[in-house]
Amino acid sequence: MENVLRPLIVVGGCVLLTLAVGWATDLLLRKADARHHETPLWGLLRRASVPYQLVLCAALLRGSYDEARLLEGHRVGIGRVLTLVLIGSVAWLIVRIAAAVVETSYSRYAHARARTDPARVRRVRTQVSLIMRVVTAVVGVVAAASMLLTFPAMRAAGASLLASAGVLGIVAGIAAQSTLGNLFAGLQIAFGDMVRLGDTVVVNGEWGTVEEITLTFLTVRTWDERRITMPVSYFTANPFENWSRGTPQMSGTVYWYLDHSAPLDAMRERLRDILRDCPAWDGRTHNLTVTDTTPSTMQVRALVTAKDADDIWTVRVEVRERMIRWLADEHPYALPRVTTATAPPVPGHDGAVPHARPGRNGETRRRAEHPAEHG
């Protein structure tokens with residue numbers, strides 16, 4: 001009877017104690033989250049409840065397994081499994097806690113600087129994202145190494161692995177040169193403030209917004225919802241346009257090719273009225289000038305401003321469309337025209353068809369009288 005009750009008491013007690021401690025901890029976190037609305041830390045820590053309870057249960061079972069006397073013939077194997085579960089759950093818990101702390105710090109910083117310095121907020125978000133990836137990778141590698149070292153064969157091979165670490169490192173570095181290059185390029189982007197999440201960039205003639213940055217690749221979402229993925233080393237080795245660098249404010253131009261008689265003063269007043277009705281215009285400046293002429297037309301340019309790249313596109317297309325419509329309705333003579341006129345008569349000719357002189361055997365006369373016969 002004791003052989004049955006002892007394992008049940010030990011295992012059941014560990015599970016019940018784990019559930020009780022987990023419930024009490026979650027209750028405290030919920031109360032703390034309700035009291036402190038200004039910080040999301042306590043709510044984020046609740047996401048770590050599963051790895052937290054797994055750590056408690058694995059630790060209790062590993063410490064009390066000898067007292068349970070359950071499957072004593074497999075004692076070594078079960079103990080090793082519990083150790084592996086404990087190491088994995090600890091790594092999981094560390095990653096969740098680190099993510100909660102980092103996310104809380106970023107939220108506070110973004111809330112304080114979102115309006116005054118949005119570019120710096122995007123920079124910090126990029127750095128935080130890459131730092132969390134590095135932390136996750138380091139914790140995962142350490143956890144995997146710790147799991148391998150629980151096996152005696154791996155411990156025995158540790159000395160030889162360390163002795164050949166230099167040679168293996170050189171070989172791995174040569175074999176993974178591009179991967180390592182992208183890795184260091186990702187760190188350079190994160191801390192060099194070259195490009196950030198949410199930046200508007202032009203890469204290889206494609207205009208879009210930076211959607212994701214990892215240690216090895218970067219994803220740009222174009223205006224037509226396509227995704228362009230390229231290695232981060234491209235941004236450290238090639239030039240590209242970053243429209244969000246510094247301030248996101250932008251200036252844009254709209255061109256028209258009009259007749260020389262176009263009413264420029266009226267067009268300037270109409271441009272001002274169009275911009276006043278356009279919510280995307282930021283009100284900084286605008287003007288309209290003649291930038292070039294040809295024998296039949298002149299090039300008219302309007303300069304407009306907006307707070308970012310999306311709004312400048314909206315302003316440009318609206319100004320172009322409404323101005324053309326206004327010219328067509330109010331001043332149609334200002335639109336480009338092809339001038340046609342009757343050519344003046346040539347001096348010495350009265351416009352009549354000259355008579356053909358008869359040639360040999362009257363051939364010329366016959367062709368004039370019967371043109372269809374001679375094609």
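This is a predicted model: local features need pLDDT of at least 70, side-chain atom pairs count only at pLDDT 80 or more; totals for chains, interfaces and linings use all residues.
I'll start on the surface, where Val50, Leu54, Val81, Val85 and Trp92 form a nonpolar patch with about 400 Å² of accessible area together. Two elements give two or more residues to this patch: helix 3, residues 49-68, and helix 4, residues 75-113. Helix 4 supplies the largest share, three residues. Valine 85 sits in helix 4.

Now the chain as a whole. The protein chain has 12 helices and eight strands. It has 375 residues, and 29% of them count as buried. The chain exposes about 23,700 Å², with carbon and sulfur atoms supplying 61% of that area. If we take contacts between residues at least 6 apart in sequence, 64% join residues at least 24 apart.

Last, helix 10. This helix covers residues 264-276, 13 residues in total, and spans 19 Å from its first C-alpha to its last, close to the 18 Å expected. Which residues of helix 10 are buried? They are Met267, Leu271, Ile274 and Leu275. These four lie on the same side of helix 10, because they cover an arc of only 90° around the axis. In general, an α-helix has 3.6 residues a turn, so residues three or four places apart point the same way. On the other side of helix 10, Asp265 and Arg276 are exposed. What do the buried residues of helix 10 pack against? Their partners are strand 6 (250-258), strand 7 (287-293), strand 8 (298-306) and helix 11 (309-330).

Conventions
Residues are numbered from 1 along each chain as its sequence is written. Side-chain values use heavy atoms; hydrogens and water are left out. The expected span of a helix is 1.5 Å times one less than its number of residues. Buried means under 20% relative accessible area, exposed over 50%, partly exposed in between (1.4 Å probe, protein chains only). The arc is that of the directions from the helix axis to the C-beta atoms. Contact means heavy atoms within 4.5 Å. Accessible areas come from the Shrake-Rupley method with a 1.4 Å probe; for residues, only the protein chains shown count as cover. Patches are made of residues with over 30% relative accessible area and no salt bridge: like charges are joined within 9 Å, nonpolar side chains (Val, Leu, Ile, Met, Phe, Trp, Tyr) within 5 Å. A salt bridge is a side-chain nitrogen of Lys or Arg within 4 Å of a carboxyl oxygen of Asp or Glu.
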